[in-house]
Amino acid sequence: MDRILFVLFVAFVILQQFVVRKGTKVLLRIQAKRLGGPCPSGASPKVRGHVDPGFEPMRESFQDLFNRNREVGAQIAVMWKGKLVVDLYAGEGLPNLAPWRYGSIDEESEHGYGTRLVRAVGEKAKYVFTSSDSILDKVKTLLGDCKSGSLGTCSAREEYVPMTGEMLIPLFSSSKVGESAVMAELERRGHLDLSEPIAKYWPEFAAGGGDSDELGKAHIKVSDLMRHQAGLVAPNSKLMIKDLADASAASSILEKQRPNWKFDRSNPDRQMYHPITRGLYASEICRRVDPKGRALGEFWREEVANKHNLQFYLGVNKEEWERSSVVKILNLPLLQLVKSIPQYIFGRLITREQRTRYLNAGNEFDTLLDFEAGIVAGFATKFLKGKGYLNFAAAGGVLGAVEKLNGIPSLNDPVLLSLPNLPSANGLANARSMAKLGHLILTGEVGGKNGMDVELPRIMDHGIGYDVSFTSAGYGHERFHVDGVHGWTGWAGIAGTILQWNAEKDLAFAYNTALPYGRVGKPRGIQLMKTLEKLV
C-alpha cells in the first residue's frame, strides 16, 4: 500500500510540473490578482508607524515586501530592552464584522441585533445568521437575496480598509506561544509540574482508549505533550463544536483517544508536531489544576492578557470582539503550493535567469527553499520506508481534528475564534501585543523561568519536516536554524505569523500578516528577522 501511495505522490508532482509549464503565465496573472497586485495608482502601500533611531532599515525591509507584491496587509513590532522600538503597519485588511451568536438567535434582542445589521449594511460586510432569526425578513430587504435553511447567508460586496497597528489578525500556530506561557505560569504558581505524567492530574487519561500498558499513555508527561512527543496528533474522530463547548464532554472524548503509535520516549520517531490537539489536551489539564477550574483561554484572559494589557486573545468573547477591529485572513489559492514544487525542480536544472524567463517566477518568495524540498521528498520516502502512518497522522492532525477547522480561511469563523479550549490555533492579536508578550516571557514576568529547559540535541519532527527542539513548556527553540537565524525562541504560524524572542540580544520580534503563504519556511518574516539581527 505504501508503495502505491508513493507512485501516486510522484505522479502528482509530475502533473504539477506539467500544469506549471503549460499554464504559468495565465496562472501567475490569476495569482497576482488574488495577492492584490500593484496598487491602482501604481505605487505600493506606504509603511506607516514609527521606528526609533537606528532601526530605520526595518521600515525599508518591511516596505520591500509590499514593493514586490508579497504582502497585502501586515504589522511588525520589536521590543528591545523593554522598549517598543519598531511599530509598523501597511496595506489593507478585510474587516471581519460578522455579528456574534451565542446559542439561538432569540437570546439577542431583536432591536439590538437589528441595529447592528443595519450598521453592517453600510459597511458592506458579510454575515451569517440562522433561518429562525425573527428579523430575517428585514435583513432580506436590507441585503437582498438570502439562502434559507438551517443556516442562512446574506452577503454584500466586501471592502478593504487601511491596516492599523490596533487591528487583530488570526495568529494560527503563533497562538501556541500563549498556550505555552499558561503552562509555564501554572507551574510557577505551583499548580502543575511539567515533568509529571498527565495522569497525575487527569487519571482517566491513562487508561482511556485501551490498555494503558499497551499504549503507554500512563507514562506520557505534560512536557512530552508540550514537546509534541505524546503521539496524540490526530484524534480517532473529529471533535464537534458542541462537544468542545461542553468541558465535561470534551474531556470524556479526549481521554478516550488512542495514541497514533505506542508512546516510547526512546523512539527516534516520537516527535510529530501536534497542530491542534496539543492545545485541546493542555486546556483540559489547565482546567483540572487551576483552582478556579478555568479553560486555558479563560485563564489566559484573566491572569495574563488583562493584567498586562495585551490585545491578545485565545478565545475571544463577545465584548472583546465588539470593541476590536478584527481582520480576516485571506484565502491564498492552492496555486502557490502547486507552483512551488516544480519550480524548485526546475531551479535545480536551469539557471535563475532561465527560470525567470521560463516561469516568470524567479522569486525566492515563490520557490521552495532547500529544506522545504527535503520535506516534500521526506513525505514521499516515508511510504517507501513503511512509515506511511506518519503521513496520515500529520494530515489527520490538521484536517481531522476539529469540526469546521478545515483550512486556513476557516479561522475567520467567530465560532472557532471564540472557543477557550482551542489555544493551539485560534489566537487573535496585533503585533504590538505579540512583541510585548515575547518581552514578558523573556524577562520572566509571565511564566517565570519555568518551562524554559530545552531538549538537546534536536530530533527530527515528522510534522515540521526537520529537526526542532522544544522547551518543557512547549516553546520552539532555534525554530529557524535551517534559515540561518539563530538564538531565537518562540514559534510561528502557517500563515506566516512569527512571535520570537532572543534572550542574548534582549529582543522580542513579532510579524503579523493577513496574507497566508501556507509554508513551513517563512521567507517574509525571515527577511525582517535577518535585517533586525544586523542592527542589534
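Me: How do S7 and strand S10 pair, and over how many bridges?
Reply: S7 and strand S10, which covers residues 427–429, pair in the antiparallel sense over 2 bridges. Two strands count as paired if DSSP finds at least two bridges between them. Strands (E, at least two residues) and helices (H or I, at least four) are DSSP runs, numbered from the N terminus.

Me: What should I know about the model and the numbering?
Reply: This is a predicted model, in which local features need pLDDT of at least 70 and side-chain atom pairs count only at pLDDT 80 or more, while totals for chains, interfaces and linings use all residues. Residues are numbered from 1 along each chain as its sequence is written, and side-chain values use heavy atoms, with hydrogens and water left out.

Me: Which residue stands opposite isoleucine 169?
Reply: Isoleucine 169 faces alanine 429, which belongs to S10.

Me: What is the order of the strands in that sheet?
Reply: The order is S7-S10-S8, giving an open sheet of 3 strands with antiparallel pairing. Strand S7 (169–170) and strand S8 (312–314) are at the edges with a single partner strand each, so one side of each has no neighbour in the sheet.

Me: Changing topic, how many salt bridges does the structure hold?
Reply: There are 25 salt bridges in the structure. A salt bridge here is a side-chain nitrogen of Lys or Arg within 4 Å of a carboxyl oxygen of Asp or Glu.

Me: Which residue does arginine 432 meet in a salt bridge?
Reply: Arginine 432 meets glutamate 166, at 2.9 Å from N to O. Arginine 432 is in helix H19 (residues 431–443) and glutamate 166 is in the loop between strand S6 (161–162) and S7, so the pair ties together parts 266 residues apart in sequence.

Me: Where do glutamate 185 and arginine 188 lie?
Reply: Both lie in helix H5 (residues 176–188), 3 residues apart, about one turn of the helix. Glutamate 185 forms a salt bridge with arginine 188, and the closest N and O atoms are 2.4 Å apart. An α-helix has 3.6 residues a turn, so residues three or four places apart point the same way. Glutamate 185 is buried at 3% relative accessibility, whereas arginine 188 is partly exposed at 42%.

Me: How many residues of H5 are buried?
Reply: In H5, 12 of the 13 residues are buried, so the helix is largely enclosed by the rest of the structure. Among the buried residues are Val177, Ala181 and Leu186.

Me: What follows H5?
Reply: Glycine 190 follows H5, and its phi is positive, near 85°.

Me: Which residue has a positive phi of about 55° although it is not a glycine?
Reply: Asparagine 309 has such a phi, and aspartate 506 has one as well. Most residues other than glycine have a negative phi, and most peptide bonds are trans. Asparagine 309 lies in the loop between helix H12 (296–305) and S8, and asparagine 309 is exposed at 63% relative accessibility. Aspartate 506 is in the loop between strand S15 (498–502) and strand S16 (507–513), and aspartate 506 is partly exposed at 22%.

Me: Where is there a cis peptide bond?
Reply: A cis peptide bond joins leucine 456 and proline 457, with omega about 0°. Proline 457 is in the loop between H19 and S11.

Me: One more residue: is glutamate 320 buried or exposed?
Reply: Glutamate 320 is buried, at 3% relative accessibility. Glutamate 320 lies in helix H13 (residues 318–322).

Me: What is glutamate 320 in contact with, leaving aside its neighbours within four places in sequence?
Reply: Glutamate 320 is in contact with Arg301, Tyr313 and Gly315, where contact means heavy atoms within 4.5 Å. The side chains of glutamate 320 and arginine 301 are also joined by a polar contact of 2.6 Å. A polar contact is a pair of N or O atoms within 3.5 Å; within protein, one must be able to donate a hydrogen and the other to accept it, and residues adjacent in sequence count only if both atoms are side-chain atoms.

Terms used
Buried means under 20% relative accessible area, exposed over 50%, partly exposed in between (1.4 Å probe, protein chains only).
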